[in-house]
Amino acid sequence: MSFPSSHSGLRAFVLCGLTAFASIIPSVAGAQYRTDDADAVFADALERYTSGHYESSAREFERFRSMWPQHASAPEALFLQAGSALGAGHDEEAIDLFATFRDRYPSHPLASEARLTLGTYFYETGAYDRAIETLQTVADEELTEETAAKALYWMGESALAQGEFDRAITYFSDAADRYPNTEIAPVARYAIAFNHVERGQFTEAARSFELLSARYPASPYVASMGLALAEAYYEIGEYERAIPEIDRRINRLQGDARERATFLLAESYNHMRNSEQAIVNYRRFTEDNPESPFLRHAVYGLAWNYHRAEVYQWAAEQFNIVQRDASDDLAHRARYYEGVNLALAVQYARAAETYEDVIRRWPDGPLTDQATFELGMTRYQLRQWQAAGDAFGVFVAKYRESDRYGEANRMLGEALVAVGDFDRAFVAYDSALAMDAAPKSLRDQVLFQKAWLQYRSAAFAQAGPAFMALYRQDTQSDQAGDALFWAAESYYQTDAFQRAASLFTQYLKEFPSHRQNAAAHYALGWTYFRQGQYMGAALEFERFLSQYRGDSGLLLYARDARLRLADSYYALKQYDDAIRAYRRVEGEEEDYALFQIAQAQSNAGRNQDAIASFEKLRTDFEYSPYREEAMYATGYLKFLEQDYEGAIGEYETIVQRFPDKDVAARALYGIADAHYNAGNWSEAETAYRKVLTDFPESDLVVDAVGGLQYALLVQEREDEVDAVVDAFAARHPDSPIIDEIRLRQAELKYRDGRLKEALAQFRRFIATAKQSDLFPDAYLYIGRIQAELNEPIEAAEFLEKVVTDYPNHPLNLEASQRLGAILLDEERHIDALRLYRSLAQKAGSNEIMKSEAQYGEGMALLGLGRSQDSEDLFNRILAGKPSEYEQVRAYLGLARVYDVTGRPAEATSHYRLVVRQSQGEPGAEALCRLGELLIQTGQPREALNELGRLPVLYSNFPQWEARGYLAQARAHLALGQKGEASRLFDIVENRYAGTRYADMAAREKRVL
């Protein structure tokens, strides 16, 4: 058990900060701006903030507010000053600034979110106790019901992250029950149900889903439940409730969900022994889902229900389908039961051929003995006496342990008599008589010893059926309990865990005082543990330990049970229970237990306790195999605690002691990350370079290259970034990761806003790369860049490559969506319509891409003048209980239709609805188009109020931000404010240089 690489979360935070508000702004060169220019000072502060220089950005925002307290950007400056304090680690100062913001600007869109932002920040950075403490104040103040509900919800998420399931459920319940009319209430109710499902608590999950459906029937979370409630009913055996729930939802399901629903419906009817309905639904499933992984099981179920309905010919046909092109246990059983049903249908010749096939293909199969016996019976029915005798002869020779052994001897005698072989017939009869004449007690002992010898010789596949045969002959005999116990143990040894668990449970129920009772609890615990059913495992190990009284024969079991009990709690994320259980472990596994205690403490958010436990492991167990990981984990935890100096010390010790091991590469990379986060750019650079030179084959090389490049950028050594990759490639020309590194190199330039350089490098990558599987990534980036550079024809060419040349690639959907957007912009509406309809089919269960395809189809129809068709399409989506994303896109589509067809009031209300519901691109588009519509309808001041929210709420969508600035400029022109309009045109022209929005700004400014 090891910790993840440390390159992911914290460095990203240091680089990016809390970007929920800040816009993407190009660098301000040096100090070349007027210190008496408010906009320049604000831009400089924002540049520092977005570059991660939080200490200096905090000072500059404070200076801006003191010099220009009435400036329009003063509220944003205060909010960003608070964010700077947060990024710099001055949490208490950030708390005070957020509180000041809330009090000073109570009507600002961000006022009610300030303290909530702080609380969610603590959650995102793993400070769950602080998150709960901060969010509790939000919940107590109840500024708005929505804010209080959100606070309670994130308190629940924090508690979940700490493994405190019951506490999390309490918070979620408070959010849902105290604020039932908020948007978060159904989310919280859904979280309650979902977490019950995650823990296998299907009864509680079912009740929670029922409550969600009853209280919020129109909620998208009810629609997105899909089969969750039905599956919960199925898992707890309430098939009579599962069936109507599936029936209610199945017509709205698509793809895999509909397939699963039909299968569950058939299985539920099967469990209820309603063969008529089971057959209907199994047939529907098999006809509609010929490629499903459940197909053979469904056909098998269909066959059994035909058998129960006594339609034996049809049953045989379905069993035949199951075994075609397969040789597993299911095929074995299906082939055997095909023969049984053919015999019942009086088709003895075909039945005999089927049994012979079973014997030939599965000579040691669990039903091969039955097939051999039945082969003899069918040949006898066909009056083929010699063939019947041969089959029975094989049976008595191979299956002496069978409960049909006596009958087989009798039938062998009958067949031998029929062919005139009387001597052998007498022998067969004597054997049959001897079986019947032997004392029962002696016969049982012999059978038990035979099965026991099979078990001792590891012939578990034979031992299990033998023990079960003995048990079934007389369930009240003296040996019945032992037979059932060892049958269960034999099935366990063959990995038939479900069968073993069923038999152990049966044994404990039927023989509660038997001598093997404690061992059965231990063994049952292992069957659950091997299946990942950790709650059941923990319960059984606890029961075993409660019965253990120091019996020396069970000592090893007791030691192992304590360890497995602890592992079960750990897997359940019940870390406190796991720690208590690990502390009870004794003997050879103590070092492992101590390691797991530290892991549990870390997962529970108690990092200092975890560090102490890891250090104890290193001190007390000098030669433990977990010692190296304990050292690494100590360093990683200190890293998380922002004790970068301590983390570096731990990592350096690892590098010195284990220079040739994989852990040394991880430690060296950790040193680099720690220096980076501590702001020691030069030291970070050195460590990243050492990863490349000392561990060129490590999986961390790609990340080390990226880290090194970032370290160079922050030192303003951009001209050395490309040399990093070139140098590595020169030293390791045959490295399989060179192509991936070069791709990352181009990505870095793209993300840094150096579009033309990135474009050139992606083109070089295509020309030189050896790994063709990376080409779709490059093509997609080229398409993105050329679209952003207002080169739609060239962009479409590369996007088309992904769409047509890589139909099964994961990026195909995104490429299709982006190509469709270009076709719409170019007014190629017929091509766009065809593409989007194809995308809807390819999207499958990907609801986001499916909704994008539907939206694009609607826009193409609108562009073709088919506004009514477009409106009908979006209304059908909304009527069909769509997902949350589909719903938002459909509302946006209707708003566009209303906008184009001259219904501004309806368009306005739908645009506002989308803004309220979406924090993604649909919300950004809706807010921008709302502003444009308000300008068109003579409401420029209202338009400015709405458009001013774009940089705050949707800073991650620059194209809509740019378009929003243009709209603001036009609103100022409508109000006669040419100077403000000119300033906004300059922002667009400079900030979005090279885009069509910059060209539009330049043209409109010239006219101005």
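Close-up 1. Lys 690 is partly exposed at 38% relative accessibility (buried means under 20% relative accessible area, exposed over 50%, partly exposed in between, with a 1.4 Å probe and protein chains only). The side chain of Lys 690 meets that of Asp 694 in a salt bridge, 2.8 Å from N to O (a side-chain nitrogen of Lys or Arg within 4 Å of a carboxyl oxygen of Asp or Glu). Both residues lie in helix H38, four residues apart; helices are DSSP runs of H or I with at least four residues, numbered from the N terminus. The model is predicted: local features need pLDDT of at least 70 and side-chain atom pairs pLDDT 80 or more, while totals for chains, interfaces and linings use all residues. Residues are numbered from 1 along each chain as its sequence is written, and side-chain values use heavy atoms, without hydrogens and water.

**Close-up 2. The salt bridge of Arg 717 and Glu 685.** The closest N and O atoms are 2.6 Å apart. This pair links distant parts of the chain, with Arg 717 in the loop between helices H39 and H40 and Glu 685 in helix H38. Glu 685 is buried, at 8%.

**Close-up 3. The salt bridge of Glu 540 and Arg 543.** These two residues are about one helical turn apart, because they are three residues apart in helix H30. Glu 540 is buried at 5% relative accessibility, whereas Arg 543 is partly exposed at 37%.

**Close-up 4. Asn 790 in a loop.** Asn 790 lies between helices H43 and H44. Its phi is near 60°, a positive value in a residue other than glycine.
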